[in-house]
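Visitor: I would like a close look at a single part of this complex, the place where the two chains meet, and then a walk from there into the surrounding fold. Could you take me through it slowly?

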Amino acid sequence: MEIEKKFKEVAERYCSVKADEITNDMKLRDDLGLSSLDLMTLLGDLEDEFDIEFEFSEDDNKLAGIVTVEDAINLFKEYADAE
Amino acid sequence: MSKTIYTMWKRCEEQYSDLPAVRWLVKKDVQERSYGELAAAVTAIKKGFAAQSFAHKHIALIGTASAEWIEAYMAVVTSNNAAVPMDSGLPAEDIIDLVYRSDSEGVFLDEKFASLAEKIKANCPLVRKIWMLSGDSVEGTETVANLINAGEGYDEPEQPEEDDVSMIVYTSGTTGKSKGVMLTQCNLYSNIEAVLYEEGPGLVFLSVLPVHHAFCLTMDWLNGFWMGSVLCINDNLRHMIRNIGIYNPDVMLMVPLMLETIYKRLKSFGNDVPPEALAQKVFGPKLKRIFTGGAHLDPYYIEEFEKYGIKVYEGYGMSECSPVITNNREGACKPGSIGRALSNAEIKFENGEILVRGTSVMKGYYNMEKETEETLKDGWLHTGDKGYIDEDGFIFINGRVKNLIILSNGENISPEEIEGKLALNDLIDEIIVTGEDNLLTARIYPEQELVKNMSEDEIAAALQKILDGYNKSQPTYKQLSRLVVRKNPFFKNASRKIIRTEVLRDEPI
């Protein structure tokens, strides 16, 4: 739950939707207006918040399937758990 | 003295030997290499070229920005060989195709892409050597250390002539096949010379653009080296904002997408924090200048960044012009315009299209005579952009002649290239790719015979599956984010070609 909450708090920095109004089924691009770089940067911010480092590069295929808030949270969880 | 990157680099070696040239991060520690150290490595690699008979050859570079990548690149462009920098984010088959089509005989390969070595060997018979930029050698490759060892006892190879091709940059082609832009030693030299600004050595650049782009190579790296600057490598786009805090740059080059993201971050702090304090937090103590290009920037951002003490200068160019053609600069700036023509570029308009002539205009497209003739006529480069000039000599862009889609990350997308790939699918009868809100949309009229027994949802799901499969193999900027399923075929002209300006007509709402 902490990851989900933090994700939404950080996502708020790059979109006009408030953290508590962000739902998991929202689309990052269409509903939150996040660009690909916004998403990258927000993942970078989360790395700092949780003091972890993702291994994937910006071109990684892992980012291709990230459409909804839930997808992004799951990607983040995958790495946070591995750490 | 001849106008070559070789002579420029010789000057750097003599004048800046003890100064730092490159900084990069290993984990969170900053590493550094001086001009003297960099020059010694560059010379050693060039002697290796002499030992292994690389003279007037094409040498590809596959990898992301690193000190090793830059050493290898500088060795190629200061010898009489030509560098072919590749977009390492492309699918493997596209990279192999470019190595093959560029007639590269040598390849520098980052260890992250080591799996390509075998495929290159199998498909590109001209490739004699693959040198691993980092890590150990894999089957069929050598390391850069091996290359350097081979060069011991050899002299530096002959220096390049002004008209020698120094770099071949691949760029999106409207015919669906990317084109290799041949830039000579003099093309690059004169482009840097024309954009130089008054600065002493020691200026710190943070380089965040993809290193295979002409904009990044010429304006960050070669321009920075010319001035004796320190070039800092951004390890990952995710860390751009963090790295501004680590390196404290004076100057950055960005595409509009980056300014948009940073602006959102600035705004997220709310209005209670004074702009000076916020600028210090986000931009560090020294960043005052951002140069932007690759796509048009909304002038709104120029005004907004100024509130934080940052001057944003928009420029315009294309790989075919090494790449800068016009720029805004200190004392000559008009927001919304792309600035005035560089001193080495002559500009005229033909039916509204911007034409350029000058010492930075490319030699032509490699092995593509027809495309070269279509683009270069009597020495004038047809840019494909429409624009006009105002009474003060500032140029404004107001449209495009060709179908390229320009995203705010500066990537040029050829819709025909994507359409060609997807049209091979049986379920797709007609497809048009368009760009809106910085995203690519696939507009598809499905093959009626195959979908006649399917519901609308089933058709959309089947088409989406095709797009998902395509997206997985593509770098982010080439992915199709949206799908529109058409109920009717597209409107066509007399020769049965789809009329692109009317693709939105008659779409389901």
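**From the contact between the chains into chain B**

Guide: Happy to. In this predicted model, 25 residues of chain B are in contact with 20 residues of chain A. On the chain B side, three helices each supply at least two of the touching residues: α9 (240-247), α10 (256-267) and α16 (456-472). The largest share comes from α10(B), with 6 residues. Sorted by class, the side of chain B that touches chain A has 12 polar, 7 nonpolar and 6 charged residues.

A word on confidence before we go further. The model scores ipTM 0.88 and pTM 0.90. Chain B has an average pLDDT of 93, and 99% of its residues score at least 70.

Now the partner. Chain A contains 3 helices and 0 strands, so to speak a plain α-α-α pattern when read along the sequence. Of its 83 residues, 36% are buried. Among its contacts between residues at least 6 apart in sequence, 65% join residues at least 24 apart.

Back to chain B, which the domain assignment divides into domain 1 (5-24 + 35-161), domain 2 (204-404) and domain 3 (414-502). The centres of domain 2 and domain 3 of chain B, taken over C-alpha atoms, are 32 Å apart.

One facing pair to look for is B:Arg443 opposite B:Val484 in β27(B).

A second sheet of chain B is worth a visit. It is open and mixed, with 9 strands in the order β2-β1-β11-β10-β12-β13-β14-β15-β16. At its edges stand β2 (29-34) and β16 (340-341) of chain B; each has a single partner strand, so one side of each is left without a neighbour in the sheet. Further in, strand β10 (residues 204-207) and strand β12 (residues 251-254) of chain B pair in the parallel sense over 2 bridges, and B:Leu206 stands opposite B:Met252 in β12(B).

Two helices that pack on this sheet can be set side by side. α2(B) touches β1 (20-26) and β2 of chain B, with its direction at about 65° to that of β2(B). α8(B) touches β1, β10, β11 (230-233), β12, β13 (289-292), β14 (311-317) and β15 (324-327) of chain B, and its direction makes about 160° with that of β10(B). Helix α8 (residues 214-226) of chain B is mostly covered, with 12 of its 13 residues buried; among them are B:Phe215, B:Trp221 and B:Phe225. After α8(B) comes B:Gly228, with a positive phi near 75°. On α2 (residues 35-51) of chain B you will find B:Thr43, which is partly exposed, with 19 other C-beta atoms within 10 Å. The burial cut-off is 20 or more such atoms, so B:Thr43 does not count as buried. Its C-alpha atom is 34 Å from that of B:Thr326, 283 residues away along the chain.

Our last stop is strand β9 (residues 179-184) of chain B. With 6 of its 6 residues buried, this strand is largely enclosed by the rest of the structure. B:Lys179, B:Val181 and B:Leu183 point one way, while B:Gly180, B:Met182 and B:Thr184 point the other way. In a regular strand, side chains alternate between the two faces of the sheet. β9(B) pairs in the antiparallel sense with strand β8 (residues 165-171) of chain B over 6 bridges, and B:Thr171 stands opposite B:Lys179. β9(B) also pairs in the antiparallel sense with strand β19 (residues 364-365) of chain B, over 2 bridges; there the bridge partner of B:Val181 is B:Tyr365.

Key. Residues are numbered from 1 along each chain as its sequence is written. Chains are lettered from A and ligands numbered from 1 in the order in which they are written. This is a predicted model: local features need pLDDT of at least 70, side-chain atom pairs count only at pLDDT 80 or more; totals for chains, interfaces and linings use all residues. Domain bounds come from an automatic or database domain assignment. Two residues are in contact if their C-beta atoms, placed from the backbone, lie within 7 Å. Helices (H or I, at least four residues) and strands (E, at least two) are DSSP runs, numbered from the N terminus. Ala, Val, Leu, Ile, Met, Phe, Trp, Tyr, Cys and Pro count as nonpolar, Asp, Glu, Lys and Arg as charged, and the others, Gly among them, as polar. Two strands pair if DSSP finds at least two bridges between them. pLDDT is the predictor's confidence in each residue, from 0 to 100. Axes are lines fitted to C-alpha atoms, for helices over the stretch in contact, and angles run from 0 to 180 degrees between N-to-C directions.
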